[in-house]
Amino acid sequence: MSDKITRRNFLKIAGAGAAISAVLTGCGPMSRYIVRRPYTEMPEYNQTGLNTYYASTCRECAAGCGIIVRTKEGRAITIEGNPQHPLNRGRLCARGITAQQGLYNPDRVFGPIFQARGDTGRQARTTWDEAIPVVSEALKSPAGQIAFLLGTAPDHLFDLVTEWTRSIGAPAPLRYSALASFEGRSTLQEAANRTFGKPALPYFDLANAEVVFSFGANFLETWLSPVSYSAAYGDMRQARPTRRGYLVAFEARQSLTAGNADEWIPIKPGSEGLVALALARLVAEARGEAAPAAARSIDPAAAAEAAGIEPAKLTDLARLFAASEHSLAIPGGGAIGQHEGLAIAQAILQLNVQVNNLGLPGGVYLTNTEQPTTSLAEVYNLVQKMNNSQVKVLFIHGANPVFELPKVLGFEEALAKVPLVISFATFPDETAMLSDYVLPDHSPLESFGYQRMLAAADRPVYSSIQPVVAPLYDTRATADVLLTAAAAAGSPLPYTDEVDFVQQMIVPLISAGGFYTAPEIQTFWSRWLQYGGWWVTEQALDTDISAASERPAAFSGPATLEEDKQFYLVVFPTQLGDGAGANRPWLQEMPDPMTTLTWNTWVEINPETADKLGIHDDDVVRVTTPYGALEASVYRYPAIRPDTIAIPFGQGHTALGRWAEGRGANPAALLPAAVNEAGDLAYNDVVASIALTGKRRPLARVESREGVYGEH
Amino acid sequence: MAAETKLFGKLKTTEQEHEDPKEQLMFDPRPREELNRMVMEMMTTTTRKFWLWAIGLGAGVAVLLFGAWGYMISTGMWVTGLRRPIYWGVFIVTFVFWIGISHAGTFVSAILRVFKSEFRRPFTRAAELMTTFGLAAGALYPLIHLGRVWVFYFMVPYPNARWLWPNFRSPLVWDLLAITTYLLSSTIYLYLPLVPDLAMARDRTTGLRHTAYKILALGWRGTEAEWFRLKKAIQIFAFAIIPVMFSVHTIVSWDFAVSQVAGWHSTIFGPYFIIGAILSGVSAVVTILYVLRSTLKHMDYFLRPEHFDALGKLILVFSMSWAYFFFNDYLLGWYGGEAAVRQILTLHASGPAAWVWYTMLICNIVIPWLTLWNRKIRRTPWLMFIITLLINVGMYLERYTIIPLTLGHQRTPFDWGVYTPQPVEISIVLGTFCLFTFLYLIMSRLIPLVPVWEVQEGQVAHTLRKVGKAEVPSVTELD
Amino acid sequence: MAEVSKGIAEKWGLVVDQDRCTGCNACVVACSMENNVPFTGEDNVAFGRGTYWIYNKRMWEGNYPEVAPAFQPVMCQQCGSAPCEPVCPTFAAVHSEEEQINLQIYNRCIGTRYCANNCPYHARQFNFEDPNIPEPMNSYLNPDVTVRRRGVMEKCTFCVQRIVAGRQTASAEDRSLRDGEVMPACVAACPSGALVFGDLSDPNSRVSQMAQNERQYKLMDELGTRPKVTYLKGGGRNGG
């Protein structure tokens, strides 16, 4: 590589390109063709006291923000946003920053492991020379009996596996994480399909909107792409000198987004559809238009009552929404992760149709049409097949289904029926502990690759991934393992290794009109690494949207509760994401924004309800749903409906290292296996009951309970 | 010697009328040699109980104080109960407490000496010893509470390779200087009147003790010139040490008063702390005197109800003064209306730790006011012992209220906090109590705890004279 | 004095736009990363010893259902007249002439914790124990920032190491610092752009302009600490 690009040229490119940081290509640790030299002849990137910056992509969630990693003497020191990246524009969230605690985590899998299934005491280190033939043998299984379960992000590995499975006629790899299900990605896409006639993920132009109605979309914390939405939120508030955007949030439990809203409307879970329809009707009336067909039969007053709010409030909000030129309604994970989620999502999207913001600034656009993730329903099918012993080999990478999937689904039991389970986990997570082989992939900061199709990007983006440090342990890129094994198994793909694959995949981009080009792939490759990916300079969103025919919808409304016995249960993801963040001490120690709690799981209860039930702060309660139960300490949370309780997702690990294990409880035990029409988990219309256990376990809060709540 | 002879007027209360003047030490003279013998016996008698106590306290110092402190040094300050926002806890509370205790010696000795209060004579030394040992115990705390005690010398102003001078704007440096000055001057002030007694002891001991006393007595022979110089020196020191004493506790109070902490930033803290210190110190003198009286041989001859009575009156006066300052501090803080201060004062009286505040008021005001007006109570040593002990509990709690409780409720309610002393802290605090008692115990057998020459001098000056039929006490004013 | 500050009349300041701030706490983690702020564990956080150089003081406004959190990210306010400085006996809390900020010299600190008591913002943190960073996590420690041992105070420095690095880069290129060139870690991370950093001595810098905003206020201005962090009030109806 370095014979093609001299260092001088690098610097020229770097100087010309990077706005703030000098970004060098990954000639150093990225190279698997490392030449060992005495340390007295230090390579330039390794000069003592000098920083070397690498552009890469954050793999901590599926959003795919661009990052720049500062390394010094071969160690990753700081991670910041890539200022040029079209998604996050130099910003980064707490999760992304902690990637280095994943890289340097002492609890990583240090090398390939063979273990007697489920018996961690009998695990033994193996070698890659022994492990690759195992993979190769596994790939020789009948095509229909091979299954791949990958993480949500559409990355190079997904493309590689897809290509391979297609070549031998195996089922396409599944992509799943709990976060994707909480976000309702599939529902969102299907709702767009039904409302606009295009199966694309909608893009919400928050920055230019004036009145925003969010239905359970916690876009400031976890939903789709929190960094880019946070930036847009900031702009919505203050970027326009004269107009300050107005945010209204409809949800039962005040999330961070609702906390930042100008108005928080605590509607009952399950009433989002009714409220959206009622709003549609009222908005139409306020604009002097005919109400849409779906909303004609709805009685706004009854809807408000069903939702548990004042009818007058609904009318006021509808007027506000109707009066603004840039109104926007966002269907979030909380609203659409329900039985009727698809219809709810449609009803909310319909509000946008109502104010005619489609394809306009401050409105709704559509992005690409590829499936953003695998729906949970398809994962169910896989579990079904596993149970029926139709799966001989299961490969798992980037997902931790044993932890993330609802317990009632019985993934763990199904896993036991699969003869060979091979995990490519970087960490000894719950799923890896139940696998036959753990063949650890590099950590994202040691890997090559790319991620395409970023959920909240307003243009085509390929975000590049490159190693910023040499691999610390005896790990191997999963793509390389598969390529080698596939070749040995007699079903080779035409790539020599991972880098070759990535390079060949990006060849079409050379002439695809991005913000740079190159005469040939090597030069293009170096720029690709230098800039942290490839994208076009102009916004490229699908503005050609029109409402397809609407269908009347009917909602059954929220479940009725036995007062003070039953509660709506809200399970919400936190900064720990799908739970993979639980082994990052910084994330554990970072105070939860709303409660300032750290390091544990808690149950949020409205103080009024808690008083009625005689529940105090830090009392351990048992939360029971028809699907399971868990115990956790109570946090008396003032910003939640009195008939609702909420539990954060992400803790309760039984594996995953010293900081995650044995901490808190996993609400996956409480969740149903039910899915909505689009195949996303219907997690937000569960009814739970609580009971005191008589135990107390103080929660680690940063706030002073006495100072904030006046309680001693 | 005699310059002027004053006759006491007729005492008014009937009770006192019936009092036999012989009950007073000054009118119950004994021959000089007998006094010397009594004091020597007091010094040299060691019972089994004494040794048990000495060993117990010594072990207490070793384990509770140095053991716990060593443990804290080796593992870190996390063993304390300190936390954001309460960065000072019982260490500083106990520091202020000991510095307060140390005021007694100077007060009782120097001020009463300057004002020629005759009742001071038998217990000046006991009080001065308290000053020195109180300071010794208290002066440990600025070291104990340091996060990095091994570099404590960064605070000391001396030319150094670091090219750094301490920050003289910091009250902690003032503290360092004030406490060192006070420790030095109070030690000298303890030593000066000790010289004739050491010489007395030198002449009545043999062996190692004799050698030690010989060195310490500086060749005292008791000539007129020596007495003249000694008295001059004591006189000068008695005057000079009073402002030092005032400065020390004022400066300790400035640790708090010059800060920006709501509830600390009070202009009245200087005198308030001094009055508190004297109240606490004089009470501690009574406590100690009771212990001395009931444990040391012949002490009941030297220490009599009259002394408890006189000190009881002083305590009552200081309790009232303390109440006055407390009221001033509290009222004006409340009246000033600064939200944070009001909040703190409200929480002191109604918060979760309100019991501390109420106990303080009961111990410092209610108990002395209800009891000390009564002559009988004042003259009952064991009652005085209990009362003064309670006053010191109250004074300890006063400092506790001012330090951790005030720090815990500052301007941002988000950062409020509750402080609970942890075992290591409590151990160290108890350890310094052991240290103080241990030093006192050992010293009681090494030096004459009663300034025997002062008692003799007093007894010489006091006589009962016949005026007509009545025997009237009279005192020859010395100097 | 004149020579020292020749050509350098910096006065670094920070503006926190509370209308943009979402309270997401990315700044907290970014700060930990840049400044080697140790994580302390559940027990320590519960005990009030969680070490944060910047943290959100979340209070609640109103009652259900009109309840809303009021976020206020508070870091060292870099007071012009800092209460922590005069009380330190060893000059460990000092004012830097060049940057006009308040710095903590860890080597000099003997741990009296007086400065922490005297800081009305509670911005100072005490190291109750040595950082517990197991191998190989020490690899990510930022070599530009001291790892503090137990017994010393620490606090936000406006990422002075970045200021110095930025100044050196500029001087090597023979130019003056550009506005926005130097960003503390929290400012660089802030997803919603709520934090703006720059030189207050330059009236045209973005931070100076924003500090003039009519929404501006300073924390506990009445104490006369002259903080260099300016807050812009958030909330309000349209046009707030």
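# Notebook: salt bridges, cores and contacts

I began with Lys140(A), which counts as partly exposed because its relative accessibility is 46%; here buried means under 20% relative accessible area, exposed over 50%, and partly exposed in between (1.4 Å probe, protein chains only). Lys140(A) forms a salt bridge with Glu137(A), with 3.5 Å between the closest N and O atoms, a salt bridge being a side-chain nitrogen of Lys or Arg within 4 Å of a carboxyl oxygen of Asp or Glu.

Before going further I noted that this is a predicted model, in which local features need pLDDT of at least 70 and side-chain atom pairs count only at pLDDT 80 or more, while totals for chains, interfaces and linings use all residues. Residues are numbered from 1 along each chain as its sequence is written, chains are lettered from A and ligands numbered from 1 in the order in which they are written, and side-chain values use heavy atoms, with hydrogens and water left out.

**Salt bridges**

I then turned to Glu398(B), whose salt bridge with Arg399(B) has its closest N and O atoms 3.5 Å apart. Glu398(B) counts as buried because its relative accessibility is 3%, and Arg399(B) counts as buried at 2%.

**Around Asp618(A)**

I next looked up a network of salt bridges that links Asp617(A), Arg701(A), Glu703(A), Arg705(A) and Arg58(C). Is Asp618(A) buried or exposed? Asp618(A) is buried, because its relative accessible area is 6%. I place Asp618(A) in the loop between α24 (607-613) and β23 (619-625) of chain A. Leaving aside residues up to four places away in sequence, Asp618(A) touches, among others, Ser633(A), Lys695(A), Arg696(A), Arg697(A), Arg701(A) and Arg705(A), where contact means heavy atoms within 4.5 Å.

**Nonpolar cores**

The largest nonpolar core has 355 residues, and those with the most contacts inside it are Phe215(A) and Phe302(B); such a core is a set of buried Ala, Val, Leu, Ile, Met, Phe, Trp, Tyr and Cys residues joined through side-chain atoms within 4.5 Å. Helix α4 (residues 90-114) of chain B gives the most to this core, with 17 residues. Apart from it lies another core, of 49 residues, among them Tyr176(A), Leu382(A), Leu409(A) and Phe567(A). For Phe215(A), again not counting residues up to four places away in sequence, I listed contacts including Phe250(A), Val275(A), Leu279(A), Ile330(A), Ile348(A) and Leu351(A), and Glu272(A) is touched as well.

**Chain A with chain C**

I counted 76 residues of chain A in contact with 63 residues of chain C. The area buried between chain A and chain C is about 5300 Å², with 58% given by carbon and sulfur atoms; buried area is the accessible area (1.4 Å probe) that two parts lose on being put together, summed over both. On the chain A side, Arg244(A), Trp586(A) and Glu589(A) lose the most area to chain C, together 14% of what that side buries.

I find 8 salt bridges between chain A and chain C, and I looked up the one in which the side chains of Glu80(A) and Arg162(C) meet at 2.4 Å, N to O. There are also 28 residue pairs in polar contact between chain A and chain C, both residues at pLDDT 80 or more; a polar contact is a pair of N or O atoms within 3.5 Å, and within protein one must be able to donate a hydrogen and the other to accept it, with residues adjacent in sequence counting only if both atoms are side-chain atoms. Helix α8 (residues 226-238) of chain A supplies the largest share of the chain A side that touches chain C, 8 residues.

**Helix α1 of chain C**

Helix α1 (residues 26-35) of chain C is mostly covered, with 10 of its 10 residues buried, including Cys27(C), Met33(C) and Glu34(C). After α1(C) comes Asn36(C), which has a positive phi near 55°.

Notes: Helix = DSSP H or I, 4+ residues; strand = E, 2+ residues; numbered from the N terminus.
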